[in-house]
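Please read them beside the coordinates.

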Amino acid sequence: MQRPQKLFQTFRGTLCLALALLAFDASSRPNIVFIFSDDHAVNAIGAYGSRINETPNIDRIAREGTILLNNMCGNSICGPSRATILTGLHSHANGFLKNRDEFNGAQRTFPKLLQQGGYETAVIGKWHLTSEPTGFDHWDVLPGQGSYYNPTFISPEGRRRIYGYNTDIVTDLSIRWLQEERDSEKPFMLMCQFKAPHRNWMPNLKHLNKYDGEHIPEPDSLFDDFDGRTSSIKKNSMMIGRHMRLVGDLQLDRPDPNNEYDVRTASRRGLSPEQNRQWDAAFAPENAAFYEANLEGDDMVRWKYQRYIKNYLRCIASVDENVGRILDYLDWAGLAEDTLVIYSSDQGFYLGEHGFFDKRWMYEESLRMPFVARWPGVIPAGGKVSEITQNIDFAPTFLEVAGLTPPDDMHGRSALGLLRGEPAPDWRDSIYYHYYEKGGHGVARHEGVRTNRYKLIHFYNVDEWEFYDLEQDPNEMLSRYGEPQYAAQVELLRAELGRLKSAYAVP
Ligand code: SGN
Ligand code: CA
């Protein structure tokens with residue numbers, strides 16, 4: 001027999017659930033805080049099983065909310081991913097195919113629809129879509145890639161430079177807008193968008209010595225020889241060993257006998273004299289030892305990997321602590337209950353897998369995007385979603401959250417039901433991918449299709465195909481294209497690729 005206290009708890013649990021279900025109706029209109037970073041791979045997030053770092057604050061969103069385990073982009077590069085998120089459309093339909101394109105801000109975006117639906121909207125931080133933001137009541141963005149230190153911001157009032165570290169400043173400006181500047185009569189949607197952890201991986205001063213003396217585990221494929229794949233992958237220029245720059249990427253300024261570090265390098269980095277003094281103090285001993293050691297071959301690659309990954313993870317340490325500041329502010333301001341908080345990033349990134357840095361390929365590390373979401377009482381705590389979601393789904397999801405009906409002609413579909421833990425038997429079982437840049441890091445244009453288990457990639461300019469069985473070969477080390485045992489599967493995927501292209505009207 002249940003004890004009275006237990007009975008009461010059960011009753012209270014049922015009551016809470018019933019109230020939560022009642023609370024969720026089309027008129028509830030929660031706030032939305034979309035925290036977004038640049039190039040943060042799932043392999044560097046605790047909630048996704050990172051072997052190399054801890055992200056307690058991002059993990060908190062996952063723990064108190066739900067994680068999308070198979071969330072992917074449609075074109076693994078910054079501007080295109082952002083344009084897709086705004087429009088709910090693949091690149092060919094929103095017109096932003098490559099980083100240098102200019103976003104047509106006259107087109108329909110989810111912030112505009114939210115605004116029309118009575119939301120107050122803001123974007124703060126990295127934008128990277130060339131044209132000025134539209135659909136925002138407030139915008140304060142970095143020009144282009146933005147600088148890690150003492151960054152310039154552009155807003156409708158003009159340009160100004162702010163002293164300090166980018167990730168901290170974007171958070172300061174976001175909290176200031178939440179606290180002092182928004183119209184508190186309306187629900188709001190804030191896009192808080194960090195530059196970090198993008199190349200050239202400049203950590204905050206206080207994290208410069210984090211991981212000193214530690215050995216970060218290397219990925220198994222750090223010394224990949226690209227056997228068993230097409231010529232396309234061999235032509236890349238994104239190898240940590242061959243293409244990562246010692247000074248520009250790895251902060252390896254040559255020690256000077258007079259201890260005067262290269263002033264031009266310091267000013268290129270945007271550091272103030274005092275910041276530069278601390279920077280040099282942190283890096284100089286290891287840099288001197290590096291030049292003393294005259295490393296070669298695999299030893300050199302291993303050393304570069306350690307310097308690269310530590311700086312990348314140090315940048316993430318700032319991202320994570322600033323996610324914590326935002327969560328803390330929402331608690332303090334009494335906003336946490338009524339706010340959907342998301343953490344995501346524009347695409348994945350190579351952390352030494354295949355010997356790579358950068359992104360662009362349809363391989364898993366750059367295809368996958370993190371997405372964790374918390375909305376107390378609506379999205380269950382500890383939820384895990386395995387269905388394949390994509391960045392085309394973000395806009396429709398946000399619209400449904402706000403009680404609006406997503407337009408039928410968006411390519412994506414609202415993932416709110418999945419986030420709420422509801423079964424979705426008719427959810428998609430494949431995604432379309434298309435990377436359009438020509439030559440960036442030696443990556444050829446390609447398109448492809450991925451299902452739960454298989455992936456087919458077509459490098460169409462050279463007409464090379466790759467096919468992976470992700471269950472047998474999760475690290476994509478061996479293309480099975482052309483093997484008789486997979487011929488039927490390849491044909492199914494080829495047909496699926498054709499079907500997706502006609503469904504999305506890809507020219
Ligand atoms: C810069 C980087 C590249 C990176 C692109 C795109 N070079 O060109 O490594 O792939 O941005 O990044 S750098 O020397 O300028 O850092 S994206 O995130 O904006 O798409
Ligand atoms: Ca990016």
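1. In which loop does Asp 224 lie? Asp 224 lies in the loop between strand S7 (188–193) and helix H7 (231–234), in what should be kept in mind is a predicted model. Its relative accessible area is 9%, and Asp 224 is therefore buried, since buried means under 20%. The side chain of Asp 224 is joined to that of His 354 by a polar contact of 2.7 Å.

2. Most peptide bonds are trans.

3. Taken alone, ligand 1 exposes 450 Å², of which the protein buries 78%. The ligand is surrounded by 15 residues, and the closest are Cys 78, Gln 145, Asp 358, Lys 359 and Arg 360.

4. Which residues coordinate the calcium ion (ligand 2)? The ion is coordinated by Asp 38 (OD), Asp 39 (OD), Asp 346 (OD), Asp 346 (OD) and Gln 347 (OE1), at 2.1 to 2.8 Å. The angles among its 6 donor atoms run from 50 to 170°, and the site is irregular. For six octahedral donors, the ideal angles are 90 or 180 degrees.

5. In sequence, the donor residues of the calcium ion (ligand 2) follow the spacing D-D-x306-D-Q. Distant parts of the chain are linked in this way, with Asp 39 in the loop between strand S1 (31–37) and helix H2 (56–64), and Asp 346, 307 residues apart from it, in the loop between strand S8 (339–345) and helix H12 (364–367). Asp 39 counts as buried at 0% relative accessibility, and Asp 346 is buried as well, with a relative accessible area of 0%.

6. Two residues other than glycine have a positive phi and may be checked together. Phi of Gln 251 is near 60°, and Gln 251 is found in the loop between helix H8 (240–243) and helix H9 (263–269), where it counts as buried at 0% relative accessibility. Phi of Asn 294 is near 45°, and Asn 294 has its place in the loop between helix H10 (273–293) and helix H11 (297–332), but Asn 294 is exposed, with a relative accessible area of 60%. Most residues other than glycine have a negative phi.

7. As to the fold as a whole, the protein has 15 helices and 14 strands. Its radius of gyration is 23 Å, close to the 23 Å that the globule rule gives for 507 residues, so the protein is as compact as a globular protein of that length. Of these 507 residues, 59% count as buried. One of the buried residues is Ile 457 at 0% relative accessibility, which lies in strand S13 (residues 454–459).

Note on methods:
Residues numbered from 1 in each chain as written. Chains lettered and ligands numbered in written order. Predicted model: local features only at pLDDT ≥ 70, side-chain atom pairs only at ≥ 80, totals over all residues. Heavy atoms only, no water. Donors = N, O, S within 2.8 Å, 3.2 Å for Na, K, Ca; no water. Tetrahedral: all angles 85-135°; square planar, octahedral: opposite > 155°, others 65-115°. Helix = DSSP H or I, 4+ residues; strand = E, 2+ residues; numbered from the N terminus. Buried < 20%, exposed > 50% of the residue type's maximum accessible area, 1.4 Å probe, protein only. Near = heavy atom within 4 Å. Areas by Shrake-Rupley, 256 points an atom, 1.4 Å probe, with all protein chains shown as cover. Rg over C-alpha atoms; globule rule 2.2 N^0.38 Å. Polar contact = N/O pair within 3.5 Å; in protein donor to acceptor, adjacent residues only side chain to side chain.
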